[in-house]
Amino acid sequence: MSEGYEVYAITDACGDVSVEAHERAVQRMVHSGVKPITSTQYLLELQRDWARQDTYKAVTDLMKKHGGAYGIGIQYAHKMFSH
């Protein structure tokens with residue numbers, strides 16, 4: 001940040017000794033200008049557009065495996081539109 005970069009912290013990819021300690025650490029980062037983001041948000045921002053076929057399969061495969069409810073939604077959509 002001191003060099004002019006926007007800084008994002010992927011808050012669900014880091015932790016602390018307790019939920020309280022994690023929340024206070026994130027709160028300190030936010031107060032200093034860091035923008036919190038989740039791993040899913042980060043991945044989807046890298047993908048940017050589902051028309052980007054060169055990365056579509058890798059991203060959707062990753063989300064199906066590790067994306068929780070979002071991954072389940074992708075599986076459902078693929079099944080509904082594959083017929």
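Which helix holds both Lys57 and Asp61, and how many residues apart are they? Hi everyone, both lie in helix H3, residues 53–66, four residues apart, or about one turn of the helix. Helices here are DSSP runs of H or I with at least four residues, strands are E runs of at least two, and numbering starts from the N terminus.

A word on the model: it is predicted, so local features need pLDDT of at least 70 and side-chain atom pairs count only at pLDDT 80 or more, while totals for chains, interfaces and linings use all residues. Residues are numbered from 1 along each chain as its sequence is written, and side-chain values use heavy atoms, leaving out hydrogens and water. The chain averages a pLDDT of 92, pLDDT being the predictor's confidence in each residue, from 0 to 100.

Now, the salt bridges: there are three, each a side-chain nitrogen of Lys or Arg within 4 Å of a carboxyl oxygen of Asp or Glu. Lys57 and Asp61 make one of them, with the closest N and O atoms 2.7 Å apart. Another joins Arg24 to Glu20, at 2.6 Å between the closest N and O atoms. Those two residues sit four apart in helix H1, residues 19–31, so about one helical turn separates them.

Then there is Glu6 with Lys35, whose closest N and O atoms are 3.6 Å apart. This pair links distant parts of the chain, 29 residues apart: Glu6 comes in the segment before strand S1 (8–10), and Lys35 is in strand S2. Lys35 also lies over the face of Tyr8, 5.9 Å from the ring centre; the rule asks for NZ of Lys or CZ of Arg within 6 Å of the ring centre and within 35 degrees of the ring normal. Thanks, everyone!
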